[in-house]
Amino acid sequence: MSTDPETTQNAGPGASDDAAGTGTRPADAEAAEEATTGAGEGDATAQLSEAEAELQAQRAERERIERRKAEKKGPIESGGKLSGRAADLLAAVRAVESGEKPAAGLFAETGPPPAPRRSAPEPARPKPVPAEAATAPAAPPPETVQAVRRVLTEGGAPDELAPQVAAVLGEGAGELLRADPWQLLRVTGVRPEQADGFARALLGAECGPGDERRGRALTVWLLEQAALAGHTALEAPALTAALSQRGVPDSDAALHSALAEGEALVFQDALEEPGAPAGRGSGESEDSEGEERPVRVLVGLERYALAEESLADGLARLINSVPKQDGSGEGWERAAALARGSAAELIRAVAGHGLVLHTGGEASRAEPARLLGEARALGLRAWAAAHGPLGRDGFAELLGQFEPSEAPAEGAGPGVATVAGLLSGEEGPGRDGDGALDLDLLVVLDAPQLDVETAALLVESMPDGARLVLAGDPLVLWSAGPGRVFADLLAARVCPQIASRVPDPGPLGELVSGVGVGELNQVEAPGKEVVIVPVRDAGEAVHRTVQLVADSVPRAIGVPAAQTVVITPGHGGAAGTRALNAALKERLNPGPGRFGGFDPGDRIAYSPAPGRTLPGEVVKADAEGLHLSCAGAPVLVPRERVARCVRHGWALTAHQTVGGRWPAVVVVLPGDAAQALSRPWIYTAFGRASRHLSVVHGVEQALPRAVAEVPAKPRTTRLPVLLGTQAAQAAHMAQEAQAQVRARADG
C-alpha cells in the first residue's frame, strides 16, 4: 500500500468547498453535542466564515425554539425531570440500548463494541424484518408494570424502566424485584454499582457485598458480559476472579450458589494431551476408562450450553448421514469433470458428504455459485443463505451469471435468502411436513457470522439426507453473538474442507490478501484503487472523510456518494459513526431531523435484533413511526423503537458491514482508534471495497503493528470438545459394527 501522489490532488480541490463549512461540522446543536461525546472539541478546528457562523447560530436557535415548543405541546420526555443517581441509571440504560455505549464487561474483545445484550429471554430464532411493518414486542400486563414502578420508585430508580424490568422478569416482577433487588442487573445497561445502590435503598442495613443474592446476580451478569465478547462459557477460575474484582468476599460460594439455583451450569471438559488420540469425550459422567486426564471446568448459561450441544448433535447427524442421491451420482461427476481446480473439488465433496466446509475470499463465491447451478441442473432443490440482504443480492447477481453444464430441471431453480429470513419462513423454500427446510442442498455464505444459537437452529432445520455447505472467509471478524462456529469446525476437521484457490483480483485483492497473512504491503494502484489520506487529528479526519465521499471519490473515481460507505472502529469519539454521520448528513441530506433526528432520504442502519444490521433509507415518518426502505422492502419502525433500532448509516462499524460490499469504501482511522485495531478488523474493513478504497490514516505505526501483531482475541467455547465427543462415539460405534460383522462371518 502506498500513498498515491494523486491523493492530495483528489482531496485538495475539495478543500476549498469544505472550508466553506460543508464538510466537518454536524448540522445542528444537538448533533454537534452528540458528535463530541467523549472527544473534546476536535471539530472546532474547522474554519467558518462570519456569515456561515451566523447562519449556523441562527439555525441552532430556531431548532432550540422548535424543540421547546414541541416539549410544551407534547408529553414531557421520559426521565427528563430526573436527577442524581436515578438520572444516571436511566442514562446508562438508554446509552446501551441505543448503541451509544457498549455493554461493558471484563471480557470485551479488542475491536468495535459488540451488540447490546438482549434485555429479555426470547427465542433464539432470528426474526426477519417484516415486509409491511416491524411490530414492537408484546408489552407486559399493566398491573405488572405498575407493581414494578412502585418498587423502582421506592429504591430511587427511574420508574421509566418499569416496562423493561417487567418484560425481563415476567409475571410477579414486582415481588421478585423487591425480594431480590439485584435482579435489576438483568436489564440492559444496568451496571453492578447501580444495582448495589438500588439494593441499599430497598434493603438498608440488610444489604452487603457478601449477600448471596448479589453473588448469584453478578455471576449471571458476568456470564452475559462474556457472551457479549463471544464466549459461550468461562473457565471457573476466571469467573471467580471476576467476582472477587466486583467485591464478592467469597467468590467460590457465590458461584456454587448460582449453580445450585440453576442460574448457571458447570461442565468438565477433558483436555487433549499432546500425542493423545483426539476426540475423546467431555462431561461429568465419563471417567475416560479410569485414566486421569486433565480437565477444565467451565461455567455457562443454559441457553448457550443447550445451543452448543444441540449444534454438535445436529452436525454429527449431517456428518454421519448418507446424502440423498436421487439418481444424480453420475451427474455430480460430470459436473465436477467440467469444472476446474477447487470448484471441482467442492462439487465432488458435496456429492458424497452431508457437511462440507468451503473457505476463500470474495472471489471464491463463484465456486458455491457454480455448485448451486449444477445442483439445479440435477433437479435438486438448492438454496443459498447469506448473512444480510447485501450479500444475498450480490450472490443472486453472481448466480444469474452462471450457466450450468446441463439444462436446469423444471421447477428446481436455486434461490438466495438471508439466514434470518430462511429460518423464519419469510424467505426461502419454506418447511416440509416434518418442520424441516424443504430443500436438498443449502449453502450458507458468510459462515463466520453464525453464532451458536443461529447455527443450532439452522442445523436442526436440515432434513435427513440433505447436504449443508458452510462457506466463508475465516479471516474476517467473527460473529457478533457468542461462539466461533466456523472456526471451531475448521479446527475440529470432522468433515471435508475445500480451500478455494481463486485469488481476489487487482490491487485491492493484493492488499487484503497481504493483511490476511499479517503483512501491510505497498501495492501498485494505477487506477487509484487504493488511496491513503494522512490526517493529524479527528477533526481533520471528519473533514477529509466528508470531502472524499461527497466530492473526491465521485469526481476522480466515478462512484457516487450513494454507493460509498464509511467504516470506522466505533460509534463514539470525535470521528466515530455518530460524528461522521452528523457531518455527512449535513453535506449530503441536510434537514431539521423532525422525527428523532431523521429526514426522508437519510441513509440508515436498522438493527431489528442484536448483531443484525440492515442498510436502508428513510422514506417518511408519521404518527405510526418511521417508514424505511431496507433492501427494497418496506419497514415500519414504531416510534418507541426508533431510538434503539435506527441510526444514520453513511458511516458504519466494520461488524455492521460484514457480508456486504460497496464500490467505494472510506476507512477512517483516527488517532484514538489505535487500541481498537486488529488484523481481522482491518481485513474486514479493507475487504468491503470492490473498486476503490480510501484510508483516512491518523494512527501512524499502529496500523502496520495491528496487522502484524494483533490477531483475533480467543473465545472460550465448548463446541470443539463436543465435536470430538461425537467423533469418538461415531468411531466407537463403527468399530463395534465391524466387530459384529467379523463375529458373524467367523461363526
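Trainee: How many residues does helix 23 have, and how far does helix 23 reach from its first C-alpha to its last?

Mentor: Helix 23 (residues 577–588) has 12 residues and spans 15 Å from first C-alpha to last, close to the 16 Å expected at 1.5 Å a residue. The expected span is 1.5 Å times one less than the number of residues. Helices (H or I, at least four residues) and strands (E, at least two) are DSSP runs, numbered from the N terminus. Please keep in mind that this is a predicted model: local features need pLDDT of at least 70, side-chain atom pairs count only at pLDDT 80 or more, and totals for chains, interfaces and linings use all residues. Residues are numbered from 1 along each chain as its sequence is written, and side-chain values use heavy atoms, leaving out hydrogens and water.

Trainee: How many residues of helix 23 are buried?

Mentor: Buried means under 20% relative accessible area, exposed over 50%, and partly exposed in between (1.4 Å probe, protein chains only). Helix 23 is mostly covered, with 10 of its 12 residues buried. Among them are Leu 580, Asn 581 and Lys 585.

Trainee: Which residues are buried in helix 6?

Mentor: Here is the general idea. An α-helix has 3.6 residues a turn, so residues three or four places apart point the same way. In helix 6, the buried residues are Thr 144, Val 145, Ala 147, Val 148, Val 151 and Leu 152. Seen down the axis of helix 6, they fall within an arc of 160°, so they line one face of the helix. That arc is taken from the directions from the helix axis to the C-beta atoms. The face turned away from the buried side carries the exposed residues Pro 142, Glu 143 and Thr 153.

Trainee: What do the buried residues of helix 6 pack against?

Mentor: They pack against helix 7 (162–169), helix 8 (173–179) and helix 9 (192–203), where contact means heavy atoms within 4.5 Å. After helix 6 comes Gly 156, whose phi is positive, near 80°.

Trainee: What is the strand order in the open sheet of five strands?

Mentor: Strands of a sheet pair through backbone hydrogen bonds, either parallel or antiparallel. Here the order is 10-19-18-11-17, with parallel pairing; two strands pair if DSSP finds at least two bridges between them. Strand 10 (530–534) and strand 17 (651–652) stand at the edges with a single partner strand each, so one side of each is left without a neighbour in the sheet. Four bridges join strand 11 (residues 564–567) to strand 18 (residues 662–669), and Val 566 has Val 666 as its bridge partner in strand 18.

Trainee: Is His 358 buried or exposed?

Mentor: His 358, in strand 4 (residues 355–359), counts as buried at 1% relative accessibility. Its side chain makes a polar contact with the side chain of Glu 367 (2.7 Å). A polar contact is a pair of N or O atoms within 3.5 Å; within protein, one must be able to donate a hydrogen and the other to accept it, and residues adjacent in sequence count only if both atoms are side-chain atoms.
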